[in-house]
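Subject: Structure handover

Hello,

Here is the structure I promised to pass on. Please open it beside this email as you read.

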Amino acid sequence: MANTGFIDTARRQIRLMCSRKMYLFGMILVPIFVAVFFLDLLWPGLPLNVPTAVVDLDHSEMSRQVTRSLNATELLDVKVEVESYDQALEKVRTGEVFGFFVIPANFQRDALAGNSPTLEYYSNMTYFVPGTLAFKGFKSVAVATAGGVIQNVLSSMGVAPQASEALIKPLDLGINAIGNPWMNYSYYLTPSFSMATFALMVMLMTVFTITIEIKHDTSRQWLATAHDNIWVALAGKLLPMTVIFSAVGLFILWLLFGWRHFPMNGSLGAVVAATLLMVPAYQMFAVFICSVLPNPRLAFSICSLFGILSFSFTGFSFPVEDMYGALAVFSYLAPVRYWLLIYFNEALNGYPLFFSRYYFVALILFSLFGGILVARLKRACLKPVYVP
């Protein structure tokens with residue numbers, strides 16, 4: 001490889017990386033910081049004690065029991081009791097609470113008389129997670145209250161307690177959370193966000209190291225070092241970055257499985273291999289973007305847009321199967337989606353490696369087809385034109 005200029009190109013790239021703090025910041029500090037940030041933020045697993053309010057318009061024994069039930073729910077924390085709907089809505093608008101529960105006037109009297117009073121609850125869905133948890137807690141208390149009222153009515157009619165319980169709840173439901181029985185959000189969200197950010201930085205730093213040559217009019221020198229062979233030039237430039245990114249990716253895995261002891265029900269080696277394959281996959285994706293748009297500003301914009309949209313299109317926040325077809329197709333263009341599917345199969349579900357084979361093939365294909373337009377990139381390097 002020395003005769004082809006590979007060693008000289010690699011040495012040149014290492015000197016370039018050591019001379020600019022941008023490489024240290026973008027390749028090491030940002031991915032690790034984001035991983036540690038989400039590990040700390042989501043470590044409790046499930047947000048509990050969502051701040052809420054109660055509007056008690058009845059002030060009866062039964063309404064106070066409902067308030068105590070709300071406070072006893074681990075999902076809710078009744079921060080304040082207000083006297084009107086408007087006051088509660090103002091608390092929501094100021095962000096002091098994420099929802100409120102309304103107990104109507106004459107609630108106890110109407111409930112005991114069988115007049116079917118209405119319990120109302122409101123959740124602020126602008127903040128999706130706390131709003132959803134508040135809704136879940138309110139609904140659980142409302143259903144339990146309704147069941148208790150019905151049981152009291154039946155008891156007053158002379159129905160035995162055992163018979164009334166059988167009428168109210170004829171079936172016992174067994175809930176089994178497959179893959180994540182702890183219902184820990186961190187086991188799902190932390191790897192997703194950490195690896196998506198890691199992939200984004202791989203793209204951006206690859207675009208940076210290639211387009212900076214065009215911007216500073218050093219691309220001809222870069223090619224000359226590689227004896228005008230664009231493939232040798234890319235290999236010499238990207239391989240040192242591949243080694244560093246791979247080490248950072250493995251360190252993130254250690255943070256997940258070694259430090260925080262995330263569940264690993266399958267093959268850790270498969271997740272490691274997927275991480276190592278994802279690095280060249282995103283590097284070659286960035287090379288493809290630079291070949292199509294050998295302009296720093298445009299290439300950065302496209303990679304940033306694609307990387308940010310990957311958080312949505314790859315199924316982190318919404319199932320791909322339920323997306324519109326025209327949008328769902330973009331999920332297959334992001335290598336991080338295949339890493340995520342491998343992580344689910346191996347770490348959470350413990351499936352045999354056989355069921356992840358196509359995802360590995362997809363990561364390999366990204367690495368192979370990313371260089372189909374490198375001839376165009378070579379022409380841009382031989383005649384660099386920088387457009388601010």
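Below is what was found in it, topic by topic.

This is a predicted model: local features need pLDDT of at least 70, side-chain atom pairs count only at pLDDT 80 or more, and totals for chains, interfaces and linings use all residues. Residues are numbered from 1 along each chain as its sequence is written, and side-chain values use heavy atoms, with hydrogens and water left out.

**Cores**

The largest nonpolar core holds 78 residues. Such a core is a set of buried Ala, Val, Leu, Ile, Met, Phe, Trp, Tyr and Cys residues joined through side-chain atoms within 4.5 Å. Buried means under 20% relative accessible area, exposed means over 50%, and partly exposed lies in between (1.4 Å probe, protein chains only). Phe198, Tyr282 and Trp339 have the most contacts inside this core. Helix 8 (residues 186-215) gives the most to it, with 16 residues. Helices (H or I, at least four residues) and strands (E, at least two) are DSSP runs, numbered from the N terminus.

Tyr282 is in contact (heavy atoms within 4.5 Å) with Ala199, Val202, Met203, Phe306, Ala334, Pro335 and Val336, leaving aside neighbours within four places in sequence. Another core lies apart from the largest one. That core has 19 residues, among them Val66, Leu75, Val78 and Ala142. In soluble globular proteins, nonpolar side chains tend to be buried together.

Ile103 is in strand 3 (residues 99-103). Ile103 is buried, at 0% relative accessibility. Its contacts, again leaving aside neighbours within four places in sequence, include Val54, Leu57, Val66 and Leu119. Pro319 is 216 residues from Ile103 along the chain, and their C-alpha atoms are separated by 36 Å.

Thr242 is found in helix 10 (residues 230-259). Thr242 is buried too, with a relative accessible area of 16%. Not counting residues up to four places away in sequence, Thr242 touches Val279 and Gln283.

For Cys290, the nearest cysteine sulfur is that of Cys303, 6.4 Å away. For Cys381, the nearest is that of Cys290, 9.0 Å away. Cys290 is buried at 1% relative accessible area, and Cys381 is buried at 0%.

**Surface patch**

A nonpolar surface patch covers about 700 Å². Its residues are Val292, Val361, Ile364, Leu365, Leu368, Phe369, Ile372 and Leu373. Patches are made of residues with over 30% relative accessible area and no salt bridge: like charges are joined within 9 Å, nonpolar side chains (Val, Leu, Ile, Met, Phe, Trp, Tyr) within 5 Å. Accessible areas come from the Shrake-Rupley method with a 1.4 Å probe; for residues, only the protein chains shown count as cover. Helix 15 (residues 357-369) gives the most to the patch, with five residues. Leu373 sits in the loop between helix 15 and helix 16 (374-382). Leu373 is partly exposed, at 31%.

**Salt bridges**

A search of the whole structure finds six salt bridges. Each is a side-chain nitrogen of Lys or Arg within 4 Å of a carboxyl oxygen of Asp or Glu.

- Lys91 and Glu96: 3.3 Å.
- Arg109 and Asp110: 3.6 Å.
- Arg220 and Asp217: 3.2 Å.

Shared partners also join Arg12, Glu213 and Lys237 into one network of salt bridges. Arg109 is exposed at 56% relative accessibility, whereas Asp110 is buried at 18%.

Best wishes

Technical notes
A disulfide is a pair of cysteine sulfur atoms within 2.5 Å.
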